[in-house]
Amino acid sequence: MSDPLPLPGALSSWMNASGFLGFTPPASSILTDRAGAFVTPAISKTPRSPARDRGLLEFPGGFLLHTGYPNEGFTKIIKQYAKKWSTLKVPVWPHLIARNGYECSQMVRALETLENIGAIEVSLPADAETSFVEEILQAALGELPLYISVPFLAAWQNWLDLFRLYTVSGIVLSAPRGDLILDDTIVSGRLYGPSLFPQLLEKIAAYQGCGIPLVAGSGIFSIEQGTMALQAGASAVQLDACLWQLSAPTSPSKS
Amino acid sequence: MKTFSVLIREIIPFGQVHRIDVTPTLPTVLRPGQYCLAFAPGTAQILPVSLYPCGELPDGLSLCGKLPTFWQEGMNLLLQGPSGQGFTDCLKARKLVIHATVSTLESRLYALAAQALQRGADVAWVTDQLSIELPPQVEVLKSADFLEAVAWSDACAVALSFNHITDFQQTHPFKPGELSKVELLLDAPLICGNTHCGVCSVETSKGWKLACKDGPVFRLEDLPRE
């Protein structure tokens with residue numbers, strides 16, 4: 001079975017998830033020769049410092065990551081990377097986090113003027129109020145295809161009518177959130193790992209007919225699993241933490 | 001960054017972690033304080049682990065770290081590195097003080113002590129309970145003697161968690177002239193191969209840095225006091 005037709009703003013059904021390849025793609029990864037877009041790490045309007053309680057906690061089948069989405073802010077990032085992005089062989093999907101519609105609008109309007117920007121990906125927190133969701137959608141709607149990234153175990157289906165109203169090009173089912181305990185303290189963060197794959201497939205199967213393309217963006221740890229997600233009804237696949245796994249040597253070892 | 005295939009020859013308990021001997025060695029020397037990422041393809045391993053130099057072998061490399069339980073002798077590993085910035089002044093010191101704030105980090109400083117002895121330096125290791133076996137030439141001191149030892153030394157290497165820098169600064173009142181002697185090997189999650197995930201971020205006087213790329217060794221004088 002061949003891959004589905006690429007989504008608007010992409011050249012194939014495969015890409016990286018936000019935050020796993022830095023601000024420019026590496027020379028080689030398991031996505032080389034397959035990627036149809038490059039998704040940037042999270043970009044906010046103003047600089048964000050790392051979370052004070054940042055950390056990584058492993059559990060069987062995955063890990064919890066809490067970073068606070070540190071980044072140098074939209075203006076500095078665009079100044080540093082826009083020229084490089086314009087030369088990439090695949091379109092770029094800037095991943096935006098906005099505190100309000102104004103910030104979102106400012107970033108989206110600026111991105112619309114840049115070369116090789118294929119789409120905008122905006123993340124929504126799991127506990128967002130419906131009014132906030134609508135504010136962001138209004139602000140982000142424009143010339144570029146719009147993808148909404150949601151933690152896939154959150155109740156994002158409550159926003160489907162709004163997504164349809166604002167002609168969202170796709171829903172990125174991204175890392176869910178969870179808690180672990182370290183030194184008697186609850187640590188919250190994003191969850192990654194192959195243990196999430198069955199739950200992701202369940203979501204795809206349940207909502208593939210919702211009328212909005214679904215991007216399988218969590219729990220996929222191999223090309224084979226990505227293919228399964230496409231067969232289950234996803235329109236595209238984003239690989240996350242498996243991109244951090246080392247792949248086959250690029251040069252012979254010294255004897 | 002290049003990746004190399006190696007074979008696990010031997011796995012030996014080393015204090016609270018393990019020492020792993022692999023063959024062949026890396027084309028570039030792995031200096032104390034630097035690290036390499038290691039991953040066993042085709043296994044249940046999810047994230048690469050960071051390994052630190054322990055010593056060199058005639059036809060391989062000795063590394064230490066917290067290993068996945070399913071790693072076995074005879075298994076193939078992928079190594080990526082050397083990565084990060086290692087110790088600098090500590091590599092040249094004639095009088096070196098070494099200290100790990102927790103015993104799980106002691107093994108990361110072993111190669112530094114071994115190399116210092118090889119060049120004829122005096123080495124003092126400050127600990128109240130040592131978990132690894134040190135060469136007999138190393139003088140072992142109690143933690144109560146730490147500041148006095150730093151005063152004696154040319155350079156001081158400390159291994160600690162990147163979350164405990166403030167605690168360390170508050171419990172160790174160095175004299176202003178001694179801050180420049182201290183290099184910290186920070187224990188932080190080093191997982192993303194320099195793709196800027198940000199989890200290993202360290203605040204310095206020159207802004208936020210990444211332990212995976214700009215560290216994991218930092219100068220104590222470059223870290224702000226809260």
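1. Strands β3(B) and β6(B) pair in the antiparallel sense over four bridges. Two strands count as paired if DSSP finds at least two bridges between them, and strands themselves are DSSP runs (E, at least two residues; helices are H or I, at least four), numbered from the N terminus. Within this pair, Y35(B) stands opposite S83(B) in β6(B). Strands of a sheet pair through backbone hydrogen bonds, either parallel or antiparallel.

2. This is a predicted model, in which local features need pLDDT of at least 70 and side-chain atom pairs count only at pLDDT 80 or more, while totals for chains, interfaces and linings use all residues. Residues are numbered from 1 along each chain as its sequence is written, and chains are lettered from A and ligands numbered from 1 in the order in which they are written.

3. Strand β6(B) also pairs with β1(B), in the antiparallel sense and over five bridges. Here S5(B) stands opposite L78(B) of β6(B).

4. Which elements of chain B give two or more residues to the side that touches chain A? In total, 27 residues of chain B are in contact with 28 residues of chain A, where contact means that the C-beta atoms, placed from the backbone, lie within 7 Å. The elements in question are β1 (3–14), β3 (35–39) and β6 (76–83) of chain B. The largest share, four residues, comes from β1(B). By type, this side of chain B has 17 nonpolar residues, nine polar and one charged. Nonpolar covers Ala, Val, Leu, Ile, Met, Phe, Trp, Tyr, Cys and Pro; charged covers Asp, Glu, Lys and Arg; the others, Gly among them, are polar.

5. Chain B is assigned two domains, domain 1 (3–83) and domain 2 (89–222); such bounds come from an automatic or database domain assignment. Taken over C-alpha atoms, the centres of domain 1 and domain 2 of chain B are separated by 22 Å. Their contact takes 18 residues from domain 1 of chain B and 20 residues from domain 2 of chain B. On the domain 1 side, the elements that give two or more residues are β3, β4 (49–57) and β6 of chain B. Of these, β4(B) gives the most, with five residues. The domain 1 side divides into eleven nonpolar, seven polar and no charged residues.

6. In chain A, eight strands form an open sheet with parallel pairing, in the order β1-β12-β11-β8-β7-β6-β5-β2. Strands β1 (14–16) and β2 (38–44) of chain A stand at the edges with a single partner strand each, so one side of each has no neighbour in the sheet. From one strand to the next the twist averages 30°, with axes fitted to C-alpha atoms (for helices, over the stretch in contact) and angles running from 0 to 180 degrees between N-to-C directions.

7. One pair in chain A is β8 (residues 170–174) with β11 (residues 214–216), parallel over three bridges. The bridge partner of I171(A) in β11(A) is L214(A).

8. Where pLDDT is low, the predicted coordinates should not be read in detail.

Key
Contact = placed C-beta atoms within 7 Å.
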